[in-house]
Amino acid sequence: MEPEGSSGTGGHATWTSTWSGYMLEYLANLVVNGTKTSSTFKMVHYNGCEKALQEKFGIMRSGEQVKNHLKTWQKKFRKVCDLRGLSAAGWDEDTFTITLDDEHYNSHIKDHKADADFLNKPIQHFEEMHTIFGSTMATGRFAKDSSVPLGTQEESTDDWDNEVQRMEVQSGSGIGATQQDNAATSSATKATNPNKRDKGKKRARPDHDPLVAAIKWESTKLAKAIKVAGKADNDVPADLYDNVMAFKGSFNETHLSFYHSYLVQHPHIARAFNSLSFEHKFNWVAKHIADNYPGQ
């Protein structure tokens with residue numbers, strides 16, 4: 001759940017984890033299919049995602065809200081990049097987890113409590129974030145904003161567009177040495193003549209084969225699904241749905257449906273929930289809804 005104010009098509013919007021995941025997968029697929037431009041997505045892409053969200057979940061989100069929400073996940077990805085750079089940090093490629101031993105973890109969290117959400121636990125939607133944002137964290141002016149709380153929306157979308165361009169140049173993602181040299185030459189020209197702007201020029205698209213990228217993306221997801229399906233830990237109780245929906249008289253049915261989806265994605269939690277007494281099940285449901293749907 002990513003709380004960002006009230007729902008609707010104007011201003012900020014509330015996003016559940018399921019909606020965020022669908023948005024990221026939709027946009028990541030645009031990247032691997034070669035639809036995304038070299039600098040950022042176009043408004044038509046955000047509007048397309050808006051329509052897909054409406055068709056899938058029946059929610060109303062504007063293209064601008066999709067664009068702003070993507071900025072929230074870009075901040076998360078930058079934080080992940082920062083933490084992977086810690087000298088004592090390890091990286092589990094199978095679970096996408098930044099690992100720290102107890103001593104270093106406790107020492108770091110003492111001064112950076114919010115980082116606990118990113119350490120020693122799988123990072124949600126890492127594959128999609130990596131596909132969309134690349135592998136290099138932002139530097140310069142945008143990095144100075146790292147103190148901004150995660151989930152805080154920025155008013156200017158131009159800053160986001162410009163920063164993605166800088167990230168791509170720095171990471172060299174798909175851009176050859178000649179193109180980087182040209183970018184450096186262009187910057188030098190602008191420094192000499194600040195009034196001269198290359199308004200008519202467009203950055204070159206990343207040099208990659210969309211078909212190869214798409215196959216690689218789908219193969220990664222398939223391999224991950226096979227690995228998860230092969231684990232006995234993936235089983236959920238057969239009567240889980242009935243046990244969740246037993247609270248329809250106390251909670252919103254849509255919220256209960258999302259909680260059931262959450263339990264299915266976390267089988268060990270689902271089994272623990274199913275073993276509880278009715279009263280304790282009620283407490284778990286109430287806490288999940290309070291945490292994820294504040295004020296509703």
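This is a short talk on the predicted model of one protein chain, from its overall make-up down to single residues.

Some ground rules come before the structure. The model is predicted, so local features need pLDDT of at least 70 and side-chain atom pairs count only at pLDDT 80 or more, while totals for chains, interfaces and linings use all residues. Residues are numbered from 1 along each chain as its sequence is written, and side-chain values use heavy atoms, with hydrogens and water left out.

I start with the whole chain. Its secondary structure comes to twelve helices and two strands. Here helices (H or I, at least four residues) and strands (E, at least two) are DSSP runs, numbered from the N terminus. Along the sequence the pattern reads α-α-α-β-β-α-α-α-α-α-α-α-α-α. The chain has 296 residues, and 36% of them are buried. Buried means under 20% relative accessible area, exposed means over 50%, and partly exposed is in between, using a 1.4 Å probe and protein chains only. Now contacts, meaning heavy atoms within 4.5 Å. Of those between residues at least 6 apart in sequence, 67% join residues at least 24 apart.

Next, the core. A nonpolar core is a set of buried Ala, Val, Leu, Ile, Met, Phe, Trp, Tyr and Cys residues joined through side-chain atoms within 4.5 Å. The largest one has 47 residues, and M23, L70 and I132 touch the most other members. At least two residues each come from α1 (17–32), α2 (43–57), α3 (63–84), α5 (126–133), α9, α10, α11 and α12.

Helix α12 covers residues 278–292, which is 15 residues. The expected span of a helix is 1.5 Å times one less than its number of residues. For α12 that gives 21 Å, and the end C-alpha atoms are 21 Å apart, so the two agree. Which residues of α12 are buried? They are K281, V285, H288, I289 and N292. These cover an arc of only 95 degrees around the axis, which means they sit on the same side of α12. The arc is taken from the directions from the helix axis to the C-beta atoms. On the other side of α12, E279 and K287 are exposed. The buried residues of α12 pack against α9 (240–245), α10 (253–265) and α11 (267–274).

Now the aromatic residues. Rings of Phe, Tyr and Trp (its six-membered ring) pair if their centres lie within 6.5 Å; planes under 30 degrees apart count as stacked, over 60 as edge-to-face, and the rest as tilted. The whole structure has 16 aromatic pairs. In one of them, the rings of Y22 and F57 have centres 5.4 Å apart and planes at 85 degrees, so this pair is edge-to-face. Y22 is in helix α1 and F57 is in helix α2, 35 residues apart, so the pair links distant parts of the chain. Y22 is partly exposed at 26% relative accessibility, and F57 is partly exposed at 25%.

A second pair is W91 with F126. The ring centres are 5.0 Å apart and the planes are at 55 degrees, so this pair is tilted. W91 is in strand β1 (residues 90–92) and F126 is in helix α5, again a link between distant parts of the chain. W91 is partly exposed at 24%, whereas F126 is buried at 6%. W91 and F126 also belong to one aromatic cluster with F77, F96 and F133.

F96 is in the loop between β1 and β2 (97–99) and is buried at 9% relative accessibility. F96 has a positive phi of about 55 degrees, although it is not a glycine.

Last, the stretch around α4. D115 is in the loop between α4 (102–111) and α5. Is D115 buried or exposed? At 5% relative accessibility, D115 is buried. Leaving aside neighbours within four places in sequence, D115 is in contact with K79, L83, H108 and I109. H108 is in helix α4 and is buried at 14%.
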